[in-house]
Each structure stands twice: as structure tokens, then as C-alpha cells.
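Work through the exercises below with the coordinates open. Each task is followed by a stepwise solution.

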Amino acid sequence: MGAAPATAILWPAVAMAGLTFLVWVRLYQLRLGEMARKRIHAQALANAADSVRLLSDTRASDNFRNLFELPVLFYAGVLLAAHIDVSDMVSLALAWAFVGLRAVHSAVHCTFNHVMTRFVAYALATLVLIAFWARLAFALAAA
């Protein structure tokens, strides 16, 4: 497959960061709405235990936390790929596929939250990330 520009592999990471910021906006949209409806003063949510006790809609906050788990390996992989110049079309396609599947996962998680739909997107994204890292490992071994 043809080579993409060396910086092309960085754009999926930018998109992933953008997704994280969108989920952050959704988190506060849901949280502030629930606080207003229930007349919860901000100070009443001073710690995580109070948030769990007082807030019932945790879809976006759960997803926001999730975006700092597995995607950390994605960010590290993208930086490694840029560093060792693994920015071919296959690696780029895998990176974009991961971002797309994580976007589906976040959209489901932050809206209707159907667990099996969310799980399929999560599992496929994980398999794509494994393939991405396998590609990086082979490139390192060949260097």
C-alpha cells in the first residue's frame, strides 16, 4: 500500500481528542440539566460519593472516564507510529477505524445506552487497536 504523509497518522489522534471534548460538553449538558431539575446545589456534589448518591444520569460521565482508559494506548501508538514513520495507508485506516468505532461507542453511551450495541463497538475498536499495535510491533521488529 502507498505511504501517507508522515503527519497524516496524527490526525486520528486530533479527532480522538475532539471526540473527548464533545463528550465533555455532553457530560455538562446532562449534569447541569439534572442539577437544575433536581435543584441540586453545586457544592452538594463536592466529591464522587455525593455525585453517585445525587445524580442518576451518569451516561456521559461514565463515557468521559472511559475515554481515558483504552484510548491512552491509541494515543501512545499514534505517537510511536509518527516517530518510527509508520504512516502507511493500512496504519492510517486502522487508526481512523478506531476513532470511528469509539465515536459510535460514545454516541451510544451518551444517548440511548444500549449495552450490547455499545459493547460491539467497544470490542471492534479494541480488536482494531490490537491490530494497529501488532502492525507497530512488526515495523519495530523489521527496523
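## Fold and extent

Read along the sequence, the protein chain runs α-α-α-α-α-α, where helices are DSSP runs of H or I with at least four residues, strands are E runs of at least two, and numbering starts at the N terminus. This is a predicted model, in which local features need pLDDT of at least 70, side-chain atom pairs count only at pLDDT 80 or more, and totals for chains, interfaces and linings use all residues. Residues are numbered from 1 along each chain as its sequence is written, and side-chain values use heavy atoms, with hydrogens and water left out.

**Exercise 1.** State how many helices and strands the protein chain has, and what its C-alpha trace spans along the principal axes.

Step 1: the protein chain has 6 helices and 0 strands. Step 2: along its principal axes, the C-alpha trace spans about 60 × 30 × 20 Å.

## Helix packing

**Exercise 2.** Determine how α1 and α4 are oriented to each other, and which residues make the contact.

Step 1: the axes of α1 and α4 (residues 71-83) come within 10 Å and cross at roughly 155°; axes are lines fitted to C-alpha atoms, for helices over the stretch in contact, and angles run from 0 to 180 degrees between N-to-C directions. Step 2: α1 and α4 are therefore roughly antiparallel, a class for angles over 145 degrees. Step 3: P12, A13, M16, A17 and T20 of α1 meet P71, F74, Y75 and V78 of α4, contact meaning heavy atoms within 4.5 Å. Step 4: by class, this contact of α1 with α4 has 8 nonpolar, 1 polar and no charged residues. Here Ala, Val, Leu, Ile, Met, Phe, Trp, Tyr, Cys and Pro count as nonpolar, Asp, Glu, Lys and Arg as charged, and the others, Gly among them, as polar.

## Cavity and pocket

**Exercise 3.** Characterise the largest cavity.

Step 1: on a 1 Å grid over the protein atoms alone, a cavity is a set of points where a 1.4 Å probe fits but cannot get out, a pocket is an open set with protein on both sides within 12 Å along at least five of seven lines, and lining residues have an atom within 4 Å of a point. Step 2: the count is 1 cavity of 30 Å³ or more. Step 3: the largest cavity has a volume of about 50 Å³, a volume being the space filled by probe spheres set on the points, which are joined across faces, edges and corners. Step 4: its lining is L27, L30, R31, E34, L55, D57, A60 and S61. Step 5: α1 supplies the largest share of that lining, 4 residues.

**Exercise 4.** Characterise the largest pocket.

Step 1: the largest pocket has a volume of about 180 Å³. Step 2: α1, α2 (48-54) and α3 each give two or more residues to its lining. Step 3: α3 gives the most, with 4 residues. Step 4: the lining residues divide into 5 nonpolar, 3 polar and 3 charged.

Conventions:
Angles under 35 degrees count as roughly parallel, over 145 as roughly antiparallel, 65 to 115 as roughly perpendicular and the rest as oblique.
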